[in-house]
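Dear colleague,

Here is the structure for your files. My notes follow below it.

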Protein chains: 2
Amino acid sequence: MTRGKLYGIGVGPGAPDLVTVRAVNQIKETEVIYAPFSKMTGKSVALSIIEPYIEPNSEIKTRTFAMNYDKAEKGEIWNDVVEEMVSDVRSGKTVAFISLGDSMLYSTWVSLLERLPKDIPVEITPGITSFSAIASLTHYPLAMEEESLKILACSAPIAEIENAISGKENLVLMKASIQFPEVYALLEKYHLLDQAILVSNASQSREKAVMQLSELSPSEKLSYFSTILINRSWKKSK
Amino acid sequence: MTRGKLYGIGVGPGAPDLVTVRAVNQIKETEVIYAPFSKMTGKSVALSIIEPYIEPNSEIKTRTFAMNYDKAEKGEIWNDVVEEMVSDVRSGKTVAFISLGDSMLYSTWVSLLERLPKDIPVEITPGITSFSAIASLTHYPLAMEEESLKILACSAPIAEIENAISGKENLVLMKASIQFPEVYALLEKYHLLDQAILVSNASQSREKAVMQLSELSPSEKLSYFSTILINRSWKKSK
């Protein structure tokens, strides 16, 4: 009996050449590609990244996972997409679900993965994270030696964000557009405005890097994919 | 006047196909490749990863950065390698320094970067981290939604490690071979032995994954490249 399989592929932060060789090979082999689609932006960033690698006869299915739905509604969408993918796999096809960045970090893919029946063969491929791309782009290291690095999203409670900012760890603050005025005030309070950096849409055509946050206004309208890095010991002047 | 340039390339955790397309292109273009060499293992893991992509006429210079030297001795080695690389770049060559994993996270490359004269053109390329590869391999997510993720090395003071283990964040504990009996005791104390996973040499031929730490003895002799992941909410049985 012929059986298909399912790839969960991380396609990196935006540049097509930041996709791994393994992901390129898997995409070329895939017959049905599922891609998350944003109604807000009217496109699929993940899909645009892998466009150069898609074979002409591959079928593309974009699916929308809205961000602010309630839990039940979210769960229903995840169940529907899992059902579709499982049906494609059971019909013998090679199927992929692509995720921006890494497939196992803040990715819709994980919500699908935990709903998959156990008999579906699944292979997961890691991707370059936005924060690794940002560190390379700006020559601003994430962590060295005995330093620790904490990653959190700015959708977290502000007390938790203050706890992180007032601490000793290096930080990655993802989704910086959420609560930016509050986060900006905290960076000011702890004298980190000129130590931190902010990058939007890393490695995409709309990429924008701000090396001194004091140049921004606290009311700045940021892109959804904005990330703040704080390395507490790095001297930017170097 | 012809000028060379310097690439700082992250080559990922071990599998040649977990190298990015950009890194492959840069390696093919590079005339002099600097690679860290371990006297302990007698080889360069980073170099073995990119072997399929090296052009036959590229020059390879392995350099040893011992781990336990004192600060002054370390600094001297870094200065020497920087001097060599700068000389190669100034002679007009395309030069690369390759790092295991990501180039900007716990990498010798950063110690070289901060010593480079400002007139040297530098381009840095991110790589897949070991923990992303481990999460994909084991189908064990790093973090979701409002969870935060903390990354630290087991060379940190044990009180700091206990503070992390007793906390609420998901964790990546790198270099798990250091202080493993102490870390094992902490995982036992906080009832995390069966929630955590441990992977050595992720995506390399010697890869080994342990999905239940209670199967290991606290005196287990681990490989240097061993990493523990703790996702506090993930149900492994799924």
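**Notes on chains B and A**

Leaving out residues up to four places away in sequence, B:Thr94 touches B:Lys5, B:Tyr7, B:Glu29, B:Thr30, B:Glu31 and B:Val32 (contact means heavy atoms within 4.5 Å). This is a predicted model, in which local features need pLDDT of at least 70 and side-chain atom pairs count only at pLDDT 80 or more, while totals for chains, interfaces and linings use all residues. Residues are numbered from 1 along each chain as its sequence is written, chains are lettered from A and ligands numbered from 1 in the order in which they are written, and side-chain values use heavy atoms, with hydrogens and water left out.

B:Thr94 belongs to strand β4 (residues 94-99) of chain B; strands (E, at least two residues) and helices (H or I, at least four) are DSSP runs numbered from the N terminus. B:Thr94 counts as buried because its relative accessibility is 10% (buried is under 20% relative accessible area, exposed over 50%, partly exposed in between, with a 1.4 Å probe and protein chains only).

B:Ile50 sits in helix α2 (residues 45-50) of chain B and is buried, at a relative accessible area of 0%. Apart from neighbours within four places in sequence, B:Ile50 is in contact with B:Val11, B:Ile27, B:Ile33 and B:Ile98. Between B:Ile50 and B:Lys150 there are 29 Å in space, C-alpha to C-alpha, and the two are 100 residues apart in sequence.

In chain A, A:Glu83 lies in helix α3 (residues 71-90). A:Glu83 is exposed, since its relative accessible area is 60%.

Regards
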